[in-house]
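Work through the exercises below with the sequence and coordinates open. Each task is followed by a solution in steps.

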Amino acid sequence: MTLAQTQSVALLGLDGHVVGVEVDIADGLPGYSLLGLPDAALSESRDRVRSAIVNCGEVWPNRKVTVSLSPAWLPKSGSSFDLAICISLLSAHETVPAEKIAEIVFLGELSLDGRIRSVRGVLPALIAAFKAGITTAVVPADNLKEAQLMQGMEIVPMHHLKQVLRWLRTGERQQEQEFDLQWEHSDSRLDFADVAGQPAARLAAEIAAVGGHHIMLIGPPGAGKTMIAERIPTIMPALSIEQALEVTAVHSIAGTLMQRSPLSLLAPIVSPHHTTTRVAMVGGGSHVIKPGACSLAHYGVLFIDEAPECGPGVLDSLRQPLESGTITIARSIGNVTFPAQFLLVLAANPCPCGKFTGRGRNCTCTSQQVRRYLGKLSGPLMDRIDLRVQVEPVGRVDMAKTQLGESSVVIRDRVIAARAVAAQRFANMGWSLNSQIPARALRTEFQPERAAMNFLHDELDREHITARGLHKIIRTAWSFADLKGNKLPTMDDVMAAYTLRGKVEA
Ligand SMILES: Nc1ncnc2c1ncn2[C@@H]1O[C@H](COP(=O)(O)OP(=O)(O)O)[C@@H](O)[C@H]1O
Ligand SMILES: [Mg+2]
Ligand SMILES: [Zn+2]
């Protein structure tokens with residue numbers, strides 16, 4: 001036998017494609033060629049594979065080696081093909097039984113001494129392999145936890161090339177300790193009970209979680225904005241298993257499963273720094289297209305602290321995901337789309353020095369600077385922010401109280417109940433959250449009570465609010481109504497929403 005074939009997987013965004021890895025060893029001048037659109041990292045596989053083979057005491061064929069990855073048109077990148085190429089090569093060299101490897105998918109990077117290194121994208125790769133009818137996968141042992149999520153496949157975790165060869169030749173393998181498939185429901189480190197006082201901001205956070213309303217927190221440094229934002233995921237409903245798998249797949253491709261457990265049902269939170277680039281925010285990259293912060297926050301919270309300090313265009317790049325829940329990255333090899341359905345939480349100081357309180361105490365900024373500062377955020381982005389909350393530093397009375405605030409579990413139960421009411425109301429409508437009610441539906445089916453509506457129209461006539469502001473208020477009022485069990489938003493619900501609307505509007 002001088003020809004052998006096995007499989008690996010190429011990823012384009014979240015979509016995996018099974019790739020045939022075929023090796024032919026022919027007589028002729030010793031050489032090595034790799035066919036099938038490899039990128040630089042993949043082209044270097046030759047050196048890794050060769051060293052690994054030699055260092056494991058195997059024989060490198062001193063003949064003409066041709067490796068062909070098919071389909072040829074599909075761009076292939078990275079080092080995760082190393083193991084498949086190595087095994088296929090040894091099989092073509094007749095040192096590994098060919099019939100054994102024909103039905104297996106191999107994922108893993110080889111280090112020079114034969115150790116198998118973890119790779120990104122194992123979960124989406126396995127999903128693709130499973131869909132293609134492959135039932136056995138060899139994966140790097142370090143990726144086992146994530147790989148085990150692919151139930152219905154036999155997962156063979158391996159640390160070293162030598163182990164793989166022993167298994168293929170003799171069927172012997174050392175049992176890895178499997179992880180319990182225990183989904184993690186909560187993060188005990190963060191709890192709303194830690195937040196003293198701040199009734200308005202707490203309520204706004206709860207409403208944001210109920211209706212999926214994007215929110216902006218404005219206040220001086222030390223007021224607790226970051227503290228509150230970080231706790232929003234703890235009051236959001238747990239992810240369904242399907243949602244969790246999607247989130248894990250995105251994190252797997254980005255290589256961020258060290259920070260987030262593959263088995264977490266907690267809504268993710270991602271906090272890019274304000275110096276972050278557009279690519280880091282929405283995704284991209286030159287060889288491998290990686291998801292950005294907005295996709296890592298899928299089904300969770302995207303928290304941007306000191307939002308007015310973000311570079312030009314960075315925040316605006318969020319417009320597509322805010323609009324559609326997905327982000328598309330255009331590339332010559334084709335477009336790649338990642339999911340990006342997140343709750344946006346912005347935090348900002350009231351002015352460049354941060355100390356502006358309305359009375360101007362301590363603030364060293366000019367009134368023009370103060371006005372301009374938050375103005376940087378106006379426009380299409382602010383259109384999407386339903387809630388805008390002033391966070392004042394907590395007073396000493398609240399800080400001195402020994403009694404803890406309401407805990408996240410209690411708030412979360414209310415959020416879950418309110419969301420269920422909304423989901424039932426919107427069944428078959430194509431959206432499920434109050435923040436997603438389209439403008440037309442707000443004017444027809446989803447008006448608040450008559451008196452409340454009259455009040456809003458009066459406010460509109462007096463130019464106290466804009467038409468856009470009116471819509472934000474009604475959407476938010478629905479979340480208050482759902483929380484309180486009102487069939488329609490009442491005057492009280494509308495008033496409550498009114499105080500939480502974006503004060504400065506475009
Ligand atoms: N309401 C509060 N309850 C308890 N601690 C608070 C509160 N507000 C601020 N703190 C304390 O102050 C620290 C700084 O708060 P932080 O959330 O970072 O403020 P900001 O983001 O507004 O600058 C917190 O880590 C916390 O220890
Ligand atoms: Mg902060
Ligand atoms: Zn200032």
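**Exercise 1. Helix α3 and the residue after it**

Solution. Just after α3, E94 takes a positive phi of about 65°. Helices (H or I, at least four residues) and strands (E, at least two) are DSSP runs, numbered from the N terminus. For cover, buried means under 20% relative accessible area, exposed means over 50%, and partly exposed is in between, with a 1.4 Å probe and protein chains only. By this criterion α3 is mostly covered, with 11 of its 11 residues buried. The buried residues of α3 include D82, C86, S88 and S91, along with L83, A84, I85, I87, L89, L90 and A92.

The model is predicted: local features need pLDDT of at least 70, side-chain atom pairs count only at pLDDT 80 or more, and totals for chains, interfaces and linings use all residues. Residues are numbered from 1 along each chain as its sequence is written, chains are lettered from A and ligands numbered from 1 in the order in which they are written, and side-chain values use heavy atoms, with hydrogens and water left out.

**Exercise 2. Whole-protein values**

Solution. 
- Secondary structure: the protein has 21 helices and 18 strands.
- Extent: the C-alpha trace spans about 90 × 50 × 45 Å along its principal axes.
- Burial: of the 506 residues, 52% are buried.
- Contacts (heavy atoms within 4.5 Å): among those with a separation of 6 or more, 73% come from residues 24 or more positions apart.
- Surface: the accessible surface is about 22,900 Å², and carbon and sulfur atoms hold 51% of it. The areas come from the Shrake-Rupley method with a 1.4 Å probe; for residues, only the protein chains shown count as cover.
- Charge: the mean positions of the 50 positive and 50 negative charges are 6 Å apart. Lys and Arg count as positive, Asp and Glu as negative, while His and the chain ends are not counted. Each charge is placed at NZ of Lys, CZ of Arg, CG of Asp or CD of Glu.

**Exercise 3. The zinc site**

Task: which protein atoms are the donors of the zinc ion (ligand 3), and what is the geometry of its site?

Solution. Donors are N, O and S atoms within 2.8 Å of the metal (3.2 Å for Na, K and Ca); water is not among the atoms, so sites may look incomplete. Next, the angles: four donors count as tetrahedral if all angles lie between 85 and 135 degrees. The angles among the 4 donor atoms are 105 to 112°, and the site is tetrahedral. The ideal angle for four tetrahedral donors is 109.5 degrees. In sequence, the donor residues follow the spacing C-x1-C-x9-C-x1-C. C351 and C363, 12 residues apart, are both in the loop between β17 (343–348) and α14 (367–375). C351 counts as buried because its relative accessibility is 0%; C363 is also buried, at 15%.

**Exercise 4. L263 in its loop**

Task: locate L263 and list what it touches beyond its sequence neighbours.

Solution. L263 is in the loop between α10 (241–254) and β11 (269–270). Its relative accessibility of 2% makes L263 buried. Not counting residues up to four places away in sequence, L263 touches K145, L149, D180, L181, Q182, W183 and E184. For E184, the separation from L263 is 79 residues in sequence and 6.0 Å in space, C-alpha to C-alpha.

**Exercise 5. Backbone exceptions**

Solution. The peptide bond from S70 to P71 is cis, with omega near 0°, and P71 lies in the loop between β4 (64–70) and α3 (82–92). L37 is not a glycine but has a positive phi of about 50°. L37 is in the loop between β3 (31–35) and α1 (40–43), and is partly exposed at 47% relative accessible area. E306, not a glycine either, has a positive phi of about 50°. The loop of E306 runs between β14 (301–304) and α13 (319–324), and E306 is partly exposed at 30%.

Methods
Four donors count as tetrahedral if all angles lie between 85 and 135 degrees; four count as square planar and six as octahedral if opposite donors are over 155 degrees apart and all others between 65 and 115; anything else is irregular.
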